[in-house]
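Hello,

Here is the structure I promised to pass on. Please open it first, then read my notes below.

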Amino acid sequence: SGGMTAGAELRAGITAALTAANADGGVFGHKLILRVLDDGYIPANTTRNTIALAQGDGAYGLIGYLGSATSQAALEVAVNYSIPLVGAYAGSDGLRIPFQYNAINIRAGYRDEINGLVNYVLNFTPYTRISYFYQNDSSGQTGMSALLDALYAVNLVLFSSGCYPRDNIDVIPGLNQIANSCGSLYPEVVIVQGVSAAGAAFVNAARQVLPSSTLYLLLSLCATEDAVALMGNLST
């Protein structure tokens, strides 16, 4: 998970669930064992780790993967070894379209999240100028496609967009793209997709540039509570 809090939280939750299951007799009398490897949020590491789990440890299933690119790397291994990938913390289309039996998703995809956010903006705010800040990888591109579709469905267009590279949190070029692409007009809403550190850095920087009335809506990868804590640290 590359040190992200969400990774540790996933591990804690899975550990608690398996402990409870084992206390109740396990699965057909067999105890469940959790083997944990950290990929550092790097897809190449994910592939190597997952092959080690599937081939070396003889894993019956994969669980708790964090991030779209890493989860998609894991899914390729899962398909090759005919084992399930359960509950990936990822929202990209690659885990959902086309349907694959090995991918057992238990959370909403980015399309579901973004449709909900667009509906919220239109039904509960007077705003129509919506921009998008995203991580430049498959997860961010899924979000972009989903947002364009959601806006098209309500006769709106994307006001502006900007991104940051997956391997660091340099958000300033993307912020400048969002702030400077439409002359004297600014976005009223910015949907933010990315890891917590990047989301927090973007919002802190954007508050110095965009109007104070700007509404920032964070997708789930930003792990909102984590991002709020980082905003406090980054703004001091």
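This is a predicted model: local features need pLDDT of at least 70, side-chain atom pairs count only at pLDDT 80 or more; totals for chains, interfaces and linings use all residues.

Start with the largest nonpolar core. It has 44 residues. Those with the most contacts inside it are Phe133, Val190, Ile191, Phe202, Tyr216 and Leu218. Several elements give two or more residues to this core, including strand E4 (130-135), strand E6 (189-192), strand E7 (215-218) and helix H8 (224-234). Helix H7 (196-206) is also on that list. The largest share, 7 residues, comes from H7.

Beyond its neighbours within four places in sequence, Val190 is in contact with Ser131, Phe133, Ile178, Phe202, Leu210, Thr214, Leu215, Tyr216 and Leu217. Another core lies apart from the one above. That other core has 14 residues, among them Ala54, Leu62, Ile83 and Leu95.

H5 has 16 residues and spans 23 Å from its first C-alpha to its last, close to the expected 22 Å. Its buried residues include Gly140, Met144, Leu147 and Leu151. Helix H3 (68-81), E4 and strand E5 (160-164) are among the elements that cover them. Just after H5, Asn155 has a positive phi of about 60°.

Last, the surface. Val27, Phe28 and Leu32 form a nonpolar patch there, with about 330 Å² of accessible area together. Phe28 sits in the loop between helix H1 (5-23) and helix H2 (43-56). Is Phe28 buried or exposed? It counts as exposed, because its relative accessibility is 82%, and the cut-off is over 50%.

Best wishes

Notes
Residues are numbered from 1 along each chain as its sequence is written. Side-chain values use heavy atoms; hydrogens and water are left out. Patches are made of residues with over 30% relative accessible area and no salt bridge: like charges are joined within 9 Å, nonpolar side chains (Val, Leu, Ile, Met, Phe, Trp, Tyr) within 5 Å. Accessible areas come from the Shrake-Rupley method with a 1.4 Å probe; for residues, only the protein chains shown count as cover. A salt bridge is a side-chain nitrogen of Lys or Arg within 4 Å of a carboxyl oxygen of Asp or Glu. Helices (H or I, at least four residues) and strands (E, at least two) are DSSP runs, numbered from the N terminus. Buried means under 20% relative accessible area, exposed over 50%, partly exposed in between (1.4 Å probe, protein chains only). A nonpolar core is a set of buried Ala, Val, Leu, Ile, Met, Phe, Trp, Tyr and Cys residues joined through side-chain atoms within 4.5 Å. Contact means heavy atoms within 4.5 Å. The expected span of a helix is 1.5 Å times one less than its number of residues.
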